[in-house]
Amino acid sequence: MLFKVSKEKIFYSKTPEKSIEYTEKLDKEYSKYAKAYDIAVKLLPVWKTWIKAVIPYIEGNRVLEASFGTGYLLLQYANDYETYGIDFNNNMIEVAKKNLSRKGVTASLQWANVEKLPFPNSYFDTIVNTMAFSGYPSGNRAMAEFYRVLKENGRLLIVDFDYPSNRNIFGFWLTKLMESSGDTIRDISKILKNFYFEYTEEEIGGFGSVHLYIAKKLIKESSRH
Ligand SMILES: C[S@@+](CC[C@H](N)C(=O)[O-])C[C@H]1O[C@@H](n2cnc3c(N)ncnc32)[C@H](O)[C@@H]1O
C-alpha cells in the first residue's frame, strides 16, 4: 500500500554485545557535541514538543529524570518538585548545570549510569526518561533499575522512538535514521510488560515514530513479603 512499509521490514535492533564499549562510544560522541546538542534542542520546536509531552503526567513529589542531557526538560518542571537527575556524560551535566543556574532552577544533578542508579529502593514518585532509552545497551537492565527505585504505583514516563503501528513509511525511515545514528530500537512496551508495569502508549509525532509511554509500577502479589 502507498506510504506503508511491509511487515517484514519492521524488526528490532540486535542487543549490543559489548555494553561497555557501546556506552563509551556514545559517551565520546556526546562529549564532542554537548554544546551543539543544547543548541539543537533549543532550536528544534518538534523535539521540545515531544519531550515536554511527559510534563502533565508527572505525579507526586519526588521526581528523577534519568539521562537529562543538557537539561531542557528540567528547566520546565524541576522547581515544582523535589527533583533529581542523573546522566552519564560529564559535558552534558556541565551544560545542564549552567542552564539551570542561569534560570534559577534547582535540581540535584549527578553523574550515574542508568544501570546502577545511586538511590534506594522505592524512592521516587515519578521517573522521566526522554530520548534516551534507545541509547542504553540493555533495555532490561535499565528497566530493572527504574522498577527498583520507583514506589509502588509510581509513574514511569518514557518518550522514545519505535516503529509506527500503522507502518507509515516516513515514521519507519525516521526510526531507521535513529538506528543508523547508533540507537538500539527496541520493543519498549514488551519490556514494560515483562517488568510488571501497567501502561498506555501513544504515538505523539514523527509520523508515528515518537512514542509516549505512561506506565505505573505494579507489584506481583507473590513477591510481597
Ligand atoms: C539523546 S540524549 C537525550 C537528552 C534529553 N533527555 C532529551 O530528551 O533531549 C541521551 C542522553 O542519555 C545519556 N546516557 C546515555 N547512556 C547513558 C547511561 N548508560 N546512563 C545514563 N545516561 C546515559 C547521554 O549522556 C545523553 O545525555
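Good morning. The structure is a predicted model, in which local features need pLDDT of at least 70 and side-chain atom pairs count only at pLDDT 80 or more, while totals for chains, interfaces and linings use all residues. Residues are numbered from 1 along each chain as its sequence is written, and side-chain values use heavy atoms, with hydrogens and water left out.

Let us begin with the ligand. Which residues are closest to the ligand? Among the 19 residues that surround the ligand, these are Tyr37, Ser67, Asp87, Val114 and Thr130; a residue counts as near if one of its heavy atoms lies within 4 Å. By class, this shell holds 13 nonpolar, five polar and one charged residues, where Ala, Val, Leu, Ile, Met, Phe, Trp, Tyr, Cys and Pro count as nonpolar, Asp, Glu, Lys and Arg as charged, and the others, Gly among them, as polar.

Next, individual atoms. A backbone N or O atom of Val114 is 2.9 Å from a nitrogen atom of the ligand. In the side chain of Asn113, an N or O atom lies 3.0 Å from a ligand nitrogen atom. A polar backbone atom of Phe88 is 3.4 Å from a nitrogen atom of the ligand. The ligand taken alone exposes 600 Å², of which the protein buries 96% (Shrake-Rupley method, 1.4 Å probe).

Finally, how are the residues lining the largest pocket divided by class? There are 13 nonpolar, three polar and four charged residues in that lining.

Technical notes
Polar contact = N/O pair within 3.5 Å; in protein donor to acceptor, adjacent residues only side chain to side chain.
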